[in-house]
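Thanks for making time this morning. I would like to walk you through one model, going from a single residue out to the whole chain.

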Amino acid sequence: GNPTGTTSTTGVMMGLAGSITPANTRIFISISASMTNNTIADGAKMQIRFGTGAAPSNADALTGTVAGSLLQATSAAANENHPATCTAIVTGLTAGTAYWLDVGLAAITGGTASITDVSVSAHDIV
């Protein structure tokens with residue numbers, strides 16, 4: 001299912017619980033979703049985050065290491081979908097260690113920001 005949205009303008013974790021245990025020290029991460037906001041002329045922003053240990057849950061405070069660019073979309077209409085894909089090449093990892101993959105999501109100035117139709121993928125880079 002889709003994670004619960006947020007009214008936070010600081011951002012919270014979405015609790016996607018994607019994971020990878022790389023055989024190498026570099027990985028490629030891709031997280032695709034449609035960003036929305038239920039308020040006209042407002043929007044959403046999201047960015048990849050990753051880490052080790054227990055994966056964050058939906059609405060947890062921002063945690064982990066950021067990767068890739070911060071994507072932002074503003075809606076001309078309430079609940080307008082903005083397809084987006086966050087990508088990143090992450091280096092310096094420890095081979096054989098499990099990493100969780102997630103995104104931080106925030107409303108730009110108000111309303112409720114949400115992501116739907118989420119896809120998480122990652123693979124080793126040799």
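Before I start, one cut-off: when I say that two residues touch, I mean that they have heavy atoms within 4.5 Å of each other. Please also keep in mind that what you see is a predicted model.

Let me begin with threonine 116, which sits in strand 8, the run covering residues 113–124. Leaving aside residues up to four places away in sequence, threonine 116 touches Asn2, Ala33, Ser34 and Asn81. Of these, asparagine 2 is 114 residues apart from threonine 116 in sequence, and yet the two C-alpha atoms are 5.3 Å apart in space.

Now the chain as a whole, which has zero helices and eight strands. Among contacts with a separation of 6 or more, 84% are between residues 24 or more positions apart. The radius of gyration is 14 Å, which agrees with the value near 14 Å that a compact globule of 126 residues would have, while the C-alpha trace spans about 45 × 25 × 25 Å along its principal axes. Finally, 41% of the 126 residues count as buried, and of the roughly described surface, about 5800 Å², carbon and sulfur atoms supply 48%.

Conventions
Residues are numbered from 1 along each chain as its sequence is written. This is a predicted model: local features need pLDDT of at least 70, side-chain atom pairs count only at pLDDT 80 or more; totals for chains, interfaces and linings use all residues. Side-chain values use heavy atoms; hydrogens and water are left out. Helices (H or I, at least four residues) and strands (E, at least two) are DSSP runs, numbered from the N terminus. The radius of gyration is taken over C-alpha atoms; the globule rule is 2.2 Å times the number of residues to the power 0.38. Buried means under 20% relative accessible area, exposed over 50%, partly exposed in between (1.4 Å probe, protein chains only). Accessible areas come from the Shrake-Rupley method with a 1.4 Å probe; for residues, only the protein chains shown count as cover.
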